[in-house]
Amino acid sequence: MTTPLLPFTMARDAQVLVEGGRLLAGPNATALGLREARRRAGGPLALQRVESEAFDARLAALYQDGSGTESDEDGFTFDLEEGSGGGRGPRDLLEDGEEAPVIQLVNQLLRRAVRSGASDLHVEPHETGLRARMRVDGMLQSVLDRKDLPVRRVVSRLKVMAGLDISETRLPQDGHIALRLGGRAIDVRVSTLPGNYGERVVMRVLDRSAGLMPLEQLGLRPDQEAVLHRMAERPNGIILATGPTGSGKTTTLYSLLQLANDEIRNILTTEDPIEYDLPGISQSQINAEIGMTFAAGLRAALRQDPDIILVGEIRDHETASVAAQASLTGHLVFSSLHANGSVGAVVRLRDLGLDDFLIASTLRGVIAQRLLRKLCTSCRAPVAPVDDAVRHFQMAGVDLPAQHYEARGCDLCNNTGYAGRVGVFEILDVSEDLRAAIDAGSSETEMKRVAVAPDQTLFGQSLYQVAAGKTSLAEALRVVGDAL
């Protein structure tokens with residue numbers, strides 16, 4: 001995409017856009033902005049007046065990759081020393097003009113994270129300077145590691161943006177930054193942790209403008225989609241999504257809510273945080289500090305005449321018990337749970353103190369999921385299956401392909417061999433046989449025998465992706481493990 005003629009801030013504030021041979025002017029366009037746009041174009045432009053909404057839409061589209069803002073982040077030029085300070089705490093960077101380079105650095109780091117589709121940005125002081133890394137497709141990549149950066153000022157700038165106490169450097173803090181980049185709404189959750197060489201800052205980046213993924217784009221097989229449709233139509237019970245942090249549980253639950261949102265059912269959520277705005281659905285933010293816990297939010301939601309309730313996470317006995325009681329009284333409850341697999345969710349509910357008969361009577365389905373990195377189609381290399389690969393396919397009951405692919409690396413994928421991710425799902429639709437096994441207190445191994453076929457496990461589903469050439473066997477083994 002070509003760089004727009006006007007910087008984003010000027011185009012937004014003056015309400016002028018240069019697009020091809022057209023000069024788009026919003027309802028509040030300034031004469032200075034129009035003159036500057038014509039000067040930069042260096043030729044005649046056809047003036048077109050547009051309404052406010054149309055102008056905002058074109059502004060967002062034109063600057064969607066962050067172009068037209070400040071200079072690119074690769075040209076950091078810092079020659080700043082840490083101020084002696086004489087024991088004073090960090091200063092508010094917005095009040096000191098000479099620290100503008102620090103503000104530029106922080107903005108550039110955030111821009112790079114958003115442009116790269118990073119889920120997290122790490123700022124880590126160390127003995128000799130500052131390192132910044134971002135997590136892309138589940139893997140950390142180094143952004144910079146320099147000795148000449150003013151560490152305390154960079155950390156303080158981030159704390160100022162997140163509304164944290166910059167004078168408190170001994171305790172962990174959590175905050176939030178609301179940003180916009182080229183018209184895109186970005187939410188950043190900030191966490192600080194004191195360390196040997198200063199405060200470490202980790203930011204979870206959420207691009208709210210990316211929108212929710214439709215169910216068919218999650219990586220589900222057609223038969224799995226049919227099972228999820230049946231789950232969303234259930235009148236009552238508990239449906240759980242399990243997996244590690246960052247495996248896409250929230251995205252899956254939101255997709256299920258969209259399936260269930262038929263305008264005739266009342267849907268409420270209690271979340272921490274609210275990641276996306278869901279039209280037609282009432283969403284509540286958890287705030288444990290004032291007593292608004294998941295259990296309290298769920299109890300309050302039950303008094304709002306709900307049909308379907310989404311509880312962000314079941315993490316204690318109280319929340320699990322209230323969710324079970326809600327399902328027994330005719331409500332459909334969606335939630336997430338930390339467990340390694342679909343059957344592992346039953347063991348986890350037992351660990352949280354629910355009785356076997358209660359789990360058997362309320363649990364309707366479990367979705368265990370992982371995200372695998374997709375092979376870069378420009379540099380992936382075909383290989384013939386060898387002994388280990390043959391053994392894995394045979395154990396999982398998946399047909400052995402004539403060839404599969406390995407990662408190589410090229411400029412297009414930043415020499416990682418991968419670009420993007422695809423979900424793999426182990427979907428457990430609780431059958432009568434499994435319900436009887438749960439009620440009898442069977443072990444996880446015994447329940448697995450009646451619950452999931454070998455090719456329907458996470459590893460079996462991963463091998464289907466390997467056979468289709470979407471990912472590598474090494475990636476499947478790294479994320480899911482083998483069938484043993």
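Let me start at one residue: Cys376 has a relative accessibility of 6%, so Cys376 counts as buried, where buried means under 20% relative accessible area, exposed over 50%, and partly exposed in between, with a 1.4 Å probe and protein chains only. This is a predicted model, in which local features need pLDDT of at least 70 and side-chain atom pairs count only at pLDDT 80 or more, while totals for chains, interfaces and linings use all residues. Residues are numbered from 1 along each chain as its sequence is written, and side-chain values use heavy atoms, with hydrogens and water left out.

Back to Cys376. It sits in the loop between β15 (363-375) and β16 (381-383); helices (H or I, at least four residues) and strands (E, at least two) are DSSP runs, numbered from the N terminus. Setting aside neighbours within four places in sequence, Cys376 is in contact with Cys410, Cys413, Gly417, Tyr418 and Ala419, contact meaning heavy atoms within 4.5 Å. Cys376 and Ala419 are 43 residues apart in sequence, yet their C-alpha atoms are 5.2 Å apart.

In β15, 11 of the 13 residues are buried, so the strand is largely enclosed by the rest of the structure. β15 runs parallel to strand β10 (residues 237-242), with five bridges joining them; two strands pair if DSSP finds at least two bridges between them. Ile239 has Gly365 in β15 as its bridge partner. With strand β18 (residues 418-429), β15 pairs in the antiparallel sense over 10 bridges, and Ala368 stands opposite Glu426 in β18.

Glu426 brings me to Ser342, whose side chain makes a polar contact with the side chain of Glu426 at 2.4 Å. A polar contact is a pair of N or O atoms within 3.5 Å; within protein, one must be able to donate a hydrogen and the other to accept it, and residues adjacent in sequence count only if both atoms are side-chain atoms. Ser342 is placed in the loop between β14 and α10 (344-351). Is Ser342 buried or exposed? Its relative accessibility is 0%, so Ser342 counts as buried. Beyond four places in sequence, Ser342 is in contact with Val366, Ala368, Glu426, Leu428 and Val452.

Next, the six-stranded sheet. It is open, ordered β6-β5-β4-β9-β8-β7, with antiparallel pairing. β6 (139-146) and β7 (173-181) are the edge strands, and each pairs on one side only. From one strand to the next the twist averages 20 degrees. Strands β4 (residues 120-125) and β9 (residues 198-207) run antiparallel, joined by four bridges, and Asp120 stands opposite Arg204 in β9. Helix α4 (residues 100-115) packs on this sheet, touching β4, β5 (130-136), β6, β7, β8 (184-195) and β9, and its direction makes about 155 degrees with that of β6. For these angles, axes are lines fitted to C-alpha atoms, for helices over the stretch in contact, and values run from 0 to 180 degrees between N-to-C directions.

There is also an open sheet of three strands, β1-β2-β3, with mixed pairing. β1 (16-19) and β3 (46-49) each have a single partner strand, so one side of each is left without a neighbour in the sheet. The twist there averages 25 degrees from one strand to the next. Helix α2 (residues 31-41) lies across β1, β2 and β3 at about 165 degrees to β2, whereas helix α3 (residues 52-62) lies across β1 and β2 at about 55 degrees to β1.

Finally, the chain as a whole. It has 16 helices and 18 strands, and buried residues make up 47% of its 484 residues. The average pLDDT is 85, and 90% of the residues score at least 70; pLDDT is the predictor's confidence in each residue, from 0 to 100. Over residues 66-99 the pLDDT is below 50, although this stretch has 67 contacts in the model beyond near neighbours in sequence. Where pLDDT is low, the predicted coordinates should not be read in detail.
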